[in-house]
Amino acid sequence: IQFMCRHLNEILKMTMDLNCLDQDLLKQMSLNLTVDELDALHDRRDRLLSKLYMKKLESLLTQEGHQIARCSLCGRLFAMKGMDRLVCSSAKIFIDFRGKVLAEHVPSTGFDINRYLLGLRAKKMTWREGYWRGWGI
């Protein structure tokens, strides 16, 4: 896997079908490649790069504390990890026992990240753009 990752640009120049690569292999490759290395790849026909970004996004969203939710009040996406630091503009404001003003997001129970990502794909967003959107939340 490390050999393939180091020589991926040379592999992409070859005229071979890369659709036979197993999903587990793609996941391992995406974990071994940094985002800078993915950006440096030249995959003119997009035979592999989108799949690697998809696996990179999948591993990002399955990390502890990196789950994404939609606020049921304002509709914005937010990371559950930083929920206590974010302010919801539509939330009811209350003051805690320390005198701190709070207006927190309330996670929507019906939000499905997979459906959201499919909606982005339907809008012709690439997996690379989807990865950076997920990373930015």
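Helix α5 (residues 49-61) holds both E58 and K55, which sit three residues apart, about one turn of the helix. Helices here (H or I, at least four residues), like strands (E, at least two), are DSSP runs numbered from the N terminus. The side chains of E58 and K55 meet in a salt bridge, with N to O at 3.7 Å. The term salt bridge stands for a side-chain nitrogen of Lys or Arg within 4 Å of a carboxyl oxygen of Asp or Glu.

The model is predicted, so local features need pLDDT of at least 70 and side-chain atom pairs count only at pLDDT 80 or more, while totals for chains, interfaces and linings use all residues. Residues are numbered from 1 along each chain as its sequence is written, and side-chain values use heavy atoms, with hydrogens and water left out.

Buried means under 20% relative accessible area, exposed means over 50%, and partly exposed lies in between (1.4 Å probe, protein chains only).

How many salt bridges does a search of the whole structure find? The search finds three. One of them joins the side chains of D39 and R128, at 3.0 Å from N to O. D39 belongs to helix α4 (residues 35-40) and R128 to helix α7 (residues 127-136), so this pair ties together parts that are 89 residues apart in sequence. Both residues are partly exposed: D39 has a relative accessibility of 34%, and R128 has a relative accessible area of 39%.

R115 and D112 also form a salt bridge, and their closest N and O atoms are 3.9 Å apart. R115 counts as exposed, with 56% relative accessibility.

Helix α6 (residues 113-122) contains L117. This leucine is buried, its relative accessible area being 14%. Which residues does L117 contact, once neighbours within four places in sequence are left aside? L117 is in contact with L57 and L61, where contact means heavy atoms within 4.5 Å. L117 can also be placed relative to M54: the two are 63 residues apart in sequence, and their C-alpha atoms are 10 Å apart in space.
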